[in-house]
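Take them one at a time and find each residue as you go.

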Amino acid sequence: TNYHRMMLHDLVWAIRLGEGNGHPLSRELRDLFAAAVRFLFALVDPESGCAPNYGANDGALVLPLNGCEFADYRPVLQLGQYLVDRSYLFPPGPWDEDLLWLFGSDAINHATAVRVNPRALAAESGGYFTLRGQRTWAMVRCARYRDRPSHADQLHLDLWWRGQNVACDAGSYLYNAPPPFDAALSGTEVHNTVAVDGRDQMTRGSRFLWLDWANGTVRSRGISRDLRFEVFEGEHNGYHTLGVVHRRTVLRIAEDLWVVVDDLVGSGRNIHRFSQQWQLPDFRFKIAEEACPAALDLCTPEGVLRMTTWSTAQPEVTLVRAGKTVYSNLSGTSVSPVRGWRSRFYAEKEPALSWTLQVCSDIPVRFITVFSEELVSVVSIVAEQIAVQYKGRSREIRLAPVGASPIFNVGSPEIAWTS
């Protein structure tokens, strides 16, 4: 996202210079610029102005013309949209200062503008997909690479809830850091996905080069007519040499519930070590050990969000902060020193929470993760059913058998309320 902003800033400057000197740039280029603005807008959280910190980020900010935070993308989007057709994406705010510098005072006279909410994105050529509610949304990476990948992050999930990036990307940190942080935050183990046998999804060639590219395939996407249920299902082949395919399904249920199902399937018959990781902000937390097998309550500034996790095989559960274990259901667990770190700004790292389920098993294996607000209670999880209670009502979410596809079908009564 940061390099995308750098590109937009460069083009804004070039287009305005052309306009000011009587040499406007081509309509084709301006159309491509408009598409690039729409793409970034689809990846921005409307409440915070922030976006998933995916891919490389070297801290570039070509046009520092406002007092907003570095991670706020509203200034470049407001500027870009005004350049496209003299309209606005956000109501008046500090993100308008770029307009004043590049277009003059008339450009900031838009007291009647209202905020436009981004729509769901399906950028198949780049491998970016979003699922959106009113105050919660998610981004999934599922790409068939045509250009060199930056991170080994197939099927990584970024989750946003009430303006908070509750399941986040670790970022980049430093391009030339000494071990163990030499390009470590670009690897699979620090992303919100599943690693097999401690390997990255691709072979690292050098600090900036991945070989044996892992390619993703979208199996299905759908949304119910009333917009309450939305689903994405995809898989990647990064572990094909091990005979393993990782398939992930993400289900949004209104504003209340997110369900993530990870199936590890394939032709292999050996025992493998499967590690599912969730990178969370460094908020206060409480571990509910009575859950199955364990759950974590994340105390965000907007309320408590519970993450309940489960797997078909008995898991080792660990919570790591800043490279150190703060919880484990087994004794003597060793962890990587790069786990539990996050870099929102180049050359700066800060503690984060890394919640990991690890199982040693042959395939197939299924992980289930449920993110729910405080009023939703997860009653039980088994391989093919999730039972929850909400405001005195029960909901049963039925899943296809492990390895079957699709796991959910939003057009059928597999997601049902019962009284």
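1. Let's start with a cysteine. Cys 142 counts as buried, because its relative accessibility is 3%, under the 20% cut-off. Keep in mind as you look around that this is a predicted model.

2. Now compare Cys 360. Is Cys 360 buried or exposed? Cys 360 is exposed: its relative accessible area is 56%, and the cut-off for exposed is over 50%. As for disulfides, the count comes to 0. A disulfide, by the way, is a covalent bond between the sulfur atoms of two cysteines.

3. Next, an arginine to click on. Arg 5 sits in helix α1, which covers residues 2-20. Arg 5 is buried yet has no salt bridge. Which side chain of opposite charge is nearest to Arg 5? That would be Asp 72, 7.1 Å away. Setting aside neighbours within four places in sequence, the contacts of Arg 5 include Ala 60, Leu 61, Phe 70 and Tyr 73, and Asp 72 is one of them too.

4. You'll find Ala 152 in the loop between β3 (136-141) and β4 (157-161). Ala 152 counts as buried because its relative accessibility is 0%. What does Ala 152 touch, not counting residues up to four places away in sequence? Among them are Ser 186, His 191, Asp 200, Met 202 and Trp 210. For a sense of distance, Ala 152 and Glu 316 are 164 residues apart along the chain, and their C-alpha atoms are separated by 24 Å.

5. On to a sheet. Five strands make up an open sheet, in the order β6-β13-β21-β17-β18, with antiparallel pairing. β6 (194-196) and β18 (324-328) stand at the edges with a single partner strand each, so one side of each has no neighbour in the sheet. From one strand to the next, the twist averages 25°. Zoom in on β17 (residues 316-321): β17 pairs with β18 in the antiparallel sense over 4 bridges. There, Thr 318 stands opposite Ser 328 in β18.

6. Here's another run of pairings to trace. β15 (residues 294-300) and β16 (residues 303-311) run antiparallel, joined by 7 bridges. A hairpin links β15 to β16 through 2 residues. β16 is also joined by 7 bridges to β22 (residues 365-373), again running antiparallel. Follow Arg 306 in β16: Asp 297 stands opposite Arg 306, and in β22 the bridge partner of Arg 306 is Ser 372.

7. Check the prolines too. Where are cis peptide bonds found? One joins Pro 179 and Pro 180, with omega about 5°, and Pro 180 lies in the loop between β5 (164-167) and β6. Another joins Ile 363 and Pro 364, with omega about 10°; Pro 364 is in the loop between β21 (353-361) and β22.

8. Last, two alanines with positive phi. Ala 254 has a phi of about 50° although it is not a glycine, and this residue is found in the loop between β11 (244-253) and β12 (257-266). Ala 254 is buried, with a relative accessible area of 10%. Ala 347 has a positive phi near 70° and lies in the loop between β19 (341-345) and β20 (348-351). At 41% relative accessibility, Ala 347 counts as partly exposed.

Definitions and conventions: Residues are numbered from 1 along each chain as its sequence is written. This is a predicted model: local features need pLDDT of at least 70, side-chain atom pairs count only at pLDDT 80 or more; totals for chains, interfaces and linings use all residues. Side-chain values use heavy atoms; hydrogens and water are left out. Buried means under 20% relative accessible area, exposed over 50%, partly exposed in between (1.4 Å probe, protein chains only). Lys and Arg count as positive and Asp and Glu as negative; His and the chain ends are not counted. A salt bridge is a side-chain nitrogen of Lys or Arg within 4 Å of a carboxyl oxygen of Asp or Glu. Contact means heavy atoms within 4.5 Å. A disulfide is a pair of cysteine sulfur atoms within 2.5 Å. Two strands pair if DSSP finds at least two bridges between them. Axes are lines fitted to C-alpha atoms, for helices over the stretch in contact, and angles run from 0 to 180 degrees between N-to-C directions.
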